[in-house]
Amino acid sequence: MFHVKQIRRFSLIFLLILVSCQKKQEVDYNSPVTPKGEEIKKDVHQIIRRRKSVRKFSEKPIPIGILEKIVEDGELAPSAGNTRPWDFVIVGKGRLEEIFKRIKWLKGNKPKKGEEPTAYIIILQDKKCLGWGGIASCAAAAENILLSATGYGIGSCWIGSVNEKEKLKEVFKAPENLEIFSVIALGYPKVDAKTGASP
Ligand SMILES: Cc1cc2nc3c(=O)[nH]c(=O)nc-3n(C[C@H](O)[C@H](O)[C@H](O)COP(=O)(O)O)c2cc1C
């Protein structure tokens, strides 16, 4: 038998335990890990300030797992009317030249032999969303990809000037309902042997 007072006391203790458990679920923005224990790479403001277009890459390959994570971050971008009018193709070793020969680099900045990107992400745009909303949404995905790559210490360059888009679609067997929006060139930045800095 329990008295009402005892029951109240137990309920209060139970409630306090419940509240303290819930508090543990809150995100601690000063913690180096998420509540699930995943490592938080860097502060977002640091990443935004660190991102610069990189056009000289080291030959070290990017693990496929990281490229997939970067694409996942692209998919988390906001989109007009939640249309998510995008798809992504990861291009790695063996197919790199198909892209490299069709893209234009900022004047005087074409990567030299041995300094080319080691991977690309092709961003495809749904033909049903070719208007302003579709473009803005794909651009948001592109920016997420650039920032995500920066967070992994990977250099990137947004390439809008892509030649022979239809041919490229054929090469990578892109579905008919999608168009090439942009290409993101990726690779670990080449480090200057003398200064240790990325040029
Ligand atoms: C929509 C868009 C298209 C771009 N297309 C190209 C491109 O085709 N080739 C290239 O070398 N850089 C391209 N860039 C990268 C810009 O040249 C670069 O962002 C700009 O010079 C500023 O330098 P930063 O990215 O280092 O801040 C593009 C950037 C954007 C946003």
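Predicted model: local features only at pLDDT ≥ 70, side-chain atom pairs only at ≥ 80, totals over all residues.
Residues are numbered from 1 along each chain as its sequence is written.

Let me start with the overall fold. The protein chain has six helices and four strands, where helices (H or I, at least four residues) and strands (E, at least two) are DSSP runs numbered from the N terminus, and along the sequence the pattern reads α-α-α-β-α-β-α-β-α-β. Of the 199 residues, 25% are buried, a residue being buried if 20 or more other C-beta atoms lie within 10 Å of its own, exposed if 12 or fewer, and partly exposed in between, with C-beta atoms placed from the backbone.

The four strands form an open sheet in the order S1-S2-S4-S3, with antiparallel pairing, and two strands pair if DSSP finds at least two bridges between them. At the edges are strand S1 (86–91) and strand S3 (155–159), each of which pairs on one side only. S3 pairs with strand S4 (residues 178–187) over five bridges, in the antiparallel sense, and Trp-158 stands opposite Ile-184 in S4.

Turning to the helices, H5 packs on the sheet and touches S1, S2, S3 and S4. Helix H3 (residues 64–75) packs against helix H5 (residues 132–151) at an angle of about 140 degrees, with the axes 7 Å apart; axes are lines fitted to C-alpha atoms, for helices over the stretch in contact, and angles run from 0 to 180 degrees between N-to-C directions. Two residues are in contact if their C-beta atoms, placed from the backbone, lie within 7 Å.

Finally, the ligand. Which residues are around the ligand? Among them are Lys-104, Trp-105, Trp-158 and Ile-159, where a residue is near a molecule if its C-beta atom, placed from the backbone, lies within 6 Å of it.

Trp-105 is found in the loop between helix H4 (96–100) and strand S2 (119–126), and Trp-105 counts as partly exposed because it has 15 C-beta neighbours inside 10 Å. Leaving aside neighbours within four places in sequence, Trp-105 is in contact with Arg-55 and Lys-110, while its C-alpha atom is separated by 7.5 Å from that of Ile-159, 54 residues apart along the chain.
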